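Please look over the model shown here.

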Amino acid sequence: MALSPQAHALDLQSEAGSLEAMVKLRCSLDPQQEEILWWAGTLFAQEPGKKAAPLMGFEGYNICRAEKQSDGVWRLYTRELTFYRDLKTGKIIDSWDNPLSGERNEVVQVANDPVNTVLNAPGRPLHLPWVEAGDEVMLTLNIPLAYPNPLQPAEFPAESSGPTYMGSEHFMFFAPRAAMEDPALKSVPVTYGWTRVGPWLPWMKLGSRPGSLLYIAQGNKRASVDELPADIQELVRSKYPEYARAPETWVQPNMTSWSYYKQLQQQRAAEKQD
């Protein structure tokens with residue numbers, strides 16, 4: 001891809017240049033433009049003394065809109081869906097025969113809304129480990145996670161791995177340098193890899209059983225929901241219509257699979273009482 005006549009040098013060492021590049025990579029500089037990051041991968045069980053065992057596939061996306069505030073802070077307004085797939089058939093599953101417990105579990109798909117992010121909060125300048133490699137720009141993000149588990153063991157003994165959620169996420173992004181340098185482009189094409197290590201999912205009902213889950217996935221940017229697989233498109237239309245658009249308003253706190261599971265159980269308990 002040739003540089004446009006208006007192309008400028010890419011200064012990834014400055015905070016302003018790094019921030020602009022991150023917004024173009026992750027979303028778009030245009031607050032009216034929505035971007036989709038799609039992913040697909042395999043979920044593995046990691047148990048002490050055993051090699052990692054594939055459990056199921058998964059596929060989903062995050063839909064994002066970026067907005068620069070009057071104080072220069074960039075907010076990413078996003079929500080995301082992920083669906084679990086049978087490894088052999090590739091079909092989205094609603095129940096799963098758990099080889100670790102021998103029980104059949106109801107599958108709870110990922111429907112996290114919102115998943116909002118502040119890129120450059122006041123007093124927290126953005127420093128990113130960009131790598132410039134010829135025609136490509138690369139970025140690795142390592143995100144350790146530790147916070148109080150929304151599912152505490154006393155209340156959710158079958159679903160909780162312990163009082164603290166422990167895990168980590170690891171992203172490797174790749175984008176064309178020419179696109180990143182072109183000021184006419186508000187968003188750039190991206191391919192990426194994603195790895196996550198975390199506890200058993202609540203709906204697996206494995207409690208504090210020793211071990212963890214390993215997620216390995218890859219993905220890229222998509223222009224719209226119409227570029228996603230047909231079965232995901234149908235689920236968005238029929239069950240998750242709000243996920244066809246990025247959020248319009250800023251809401252905190254974010255939703256996670258653990259807080260979503262807790263909310264779902266509370267809703268079901270309330271419905272039984274009615």
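The report below goes from the whole chain to single residues.

This is a predicted model, where local features need pLDDT of at least 70, side-chain atom pairs count only at pLDDT 80 or more, and totals for chains, interfaces and linings use all residues. Residues are numbered from 1 along each chain as its sequence is written, and side-chain values use heavy atoms, leaving out hydrogens and water.

**Whole chain**

The protein chain has 4 helices and 12 strands. These are DSSP runs, numbered from the N terminus: helices are H or I with at least four residues, strands E with at least two. The radius of gyration is 20 Å, close to the 19 Å from the globule rule for 274 residues, so the chain is as compact as a globular protein of that length. That radius is taken over C-alpha atoms, and the rule is 2.2 Å times the number of residues to the power 0.38. The C-alpha trace spans about 60 × 45 × 40 Å along its principal axes. Of the 274 residues, 47% count as buried. Buried means under 20% relative accessible area (1.4 Å probe, protein chains only).

**Strands S1 to S3**

Strand S2 covers residues 53-68; 12 of its 16 residues are buried, so the rest of the structure largely encloses it. S2 pairs with S1 (residues 35-46) and with S3 (residues 74-85). Pairing requires at least two DSSP bridges between two strands.

| Pair | Sense | Bridges | Residues between strands | Turn glycine, phi |
|---|---|---|---|---|
| S2 and S3 | antiparallel | 12 bridges | 5 residues | Gly 72, positive, about 90° |

Gly 41 stands opposite Phe 58 in S2. Cys 64 stands opposite Thr 78 in S3.

**Arg 85**

Arg 85 lies in strand S3. Its relative accessibility is 11%, so Arg 85 counts as buried. Contact means heavy atoms within 4.5 Å.

**Nonpolar core**

The largest nonpolar core holds 74 residues; Tyr 61, Tyr 84, Trp 130, Trp 203 and Met 204 touch the most other members. Such a core is a set of buried Ala, Val, Leu, Ile, Met, Phe, Trp, Tyr and Cys residues joined through side-chain atoms within 4.5 Å. Leaving aside neighbours within four places in sequence, Trp 130 is in contact with residues including Leu 12, Met 22, Leu 139 and Met 180.

Conventions. Buried means under 20% relative accessible area, exposed over 50%, partly exposed in between (1.4 Å probe, protein chains only).
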